[in-house]
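Here are a few friendly notes to read alongside the model. They start with an annotated stretch and then turn to the spaces inside and on the protein.

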Amino acid sequence: MDRQLISHFAHADHQIAAPVSEAHLDRLLRRARLPEGARVLDLGCGEGFWLVRLLEMYGDATGDGVDISQTALDAARAAATAKGVADRLGLHLVSATGFSPAEPYDLVLCVGSTHAFDGLTPTLEQIRKFLKPGGLALVGEGFYEKEPSEELRAEIGDYEDLARTVARAEASGFRTVYAHTSELGEWDEYEWSWTGSLLRWALANPGPDGEQARAAALEHREMWLNGYRGVLGFVTLLLAADLVE
């Protein structure tokens with residue numbers, strides 16, 4: 001079973017696919033205050049929850065979603081159809097680094113997918129190329145709430161603390177106009193859903209795939225509960241491109 005399918009089953013009960021509640025997601029999207037007829041891009045859109053919600057909220061916006069998983073894009077298309085926004089959504093089976101837009105965007109999202117560009121700074125450098133003058137970026141990134149062990153840092157990534165994460169974003173030509181720092185309860189809801197959804201699927205599907213899913217869930221839960229819980233944070237930054245550099 002490949003990682004994309006494991007991710008699909010793991011996010012079945014938490015389609016936001018990030019440690020963010022629906023209330024805080026809606027607050028972030030409202031704060032974007034998009035103009036009439038806005039164009040929106042989601043890099044690493046997964047199953048499209050953020051993008052579909054945004055198209056529901058802004059009834060004249062259009063969006064493009066980019067992902068490397070056909071399974072995820074099929075789910076995004078189904079969700080958009082169910083919500084009545086499919087006619088305003090384009091989906092692209094291509095890597096985030098390989099996507100070339102025809103026109104610039106008012107808002108570019110990249111939530112939990114900065115690894116596709118090898119980190120926050122190169123992600124924001126690429127996003128700037130996709131934005132209209134004065135456009136916005138909505139970027140979700142990990143940071144360390146407290147200093148991790150060297151072993152944990154090597155396992156989950158070389159993140160900064162929150163202050164340095166914000167400074168790094170602003171050094172890339174943006175200004176932070178709003179942000180949400182995920183709460184411990186949001187993390188717990190996300191992780192219990194991720195591991196629990198995958199374990200339920202494994203129990204209902206005995207055999208090699210079920211065993212692989214079970215192993216992935218238990219390995220993930222061990223790393224969370226005995227590793228990064230309370231150590232790794234997550235911030236979603238609403239960034240305005242600075243016209244003065």
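1. Over residues 40–135, what percentage of the chain is helix and what percentage is strand? The chain there is 35% helix and 28% strand, with the end C-alpha atoms 10 Å apart. Helices (H or I, at least four residues) and strands (E, at least two) are DSSP runs, numbered from the N terminus. An unreviewed UniProt entry annotates residues 40–135 as "domain: Methyltransferase"; such annotations may be inferred rather than shown by experiment, and positions follow the numbering used here, with feature names shortened.

2. Please keep in mind that this is a predicted model: local features need pLDDT of at least 70, side-chain atom pairs count only at pLDDT 80 or more, and totals for chains, interfaces and linings use all residues. Residues are numbered from 1 along each chain as its sequence is written, and side-chain values use heavy atoms, leaving out hydrogens and water.

3. The second largest pocket is lined by residues including Gln15, Phe49, Arg53 and Lys83. (On a 1 Å grid over the protein atoms alone, a pocket is an open set of points with protein on both sides within 12 Å along at least five of seven lines, and a cavity is a set where a 1.4 Å probe fits but cannot get out; lining residues have an atom within 4 Å of a point.) Helix H3 (49–57) and helix H4 (70–83) each supply at least two lining residues, and H3 has the largest share, with four.

4. Turning to the largest cavity, its lining includes Leu184, Trp187, Trp224 and Arg229. Helix H8 (184–204) and helix H9 (208–228) each give two or more residues to this lining, and H8 gives the most, three.
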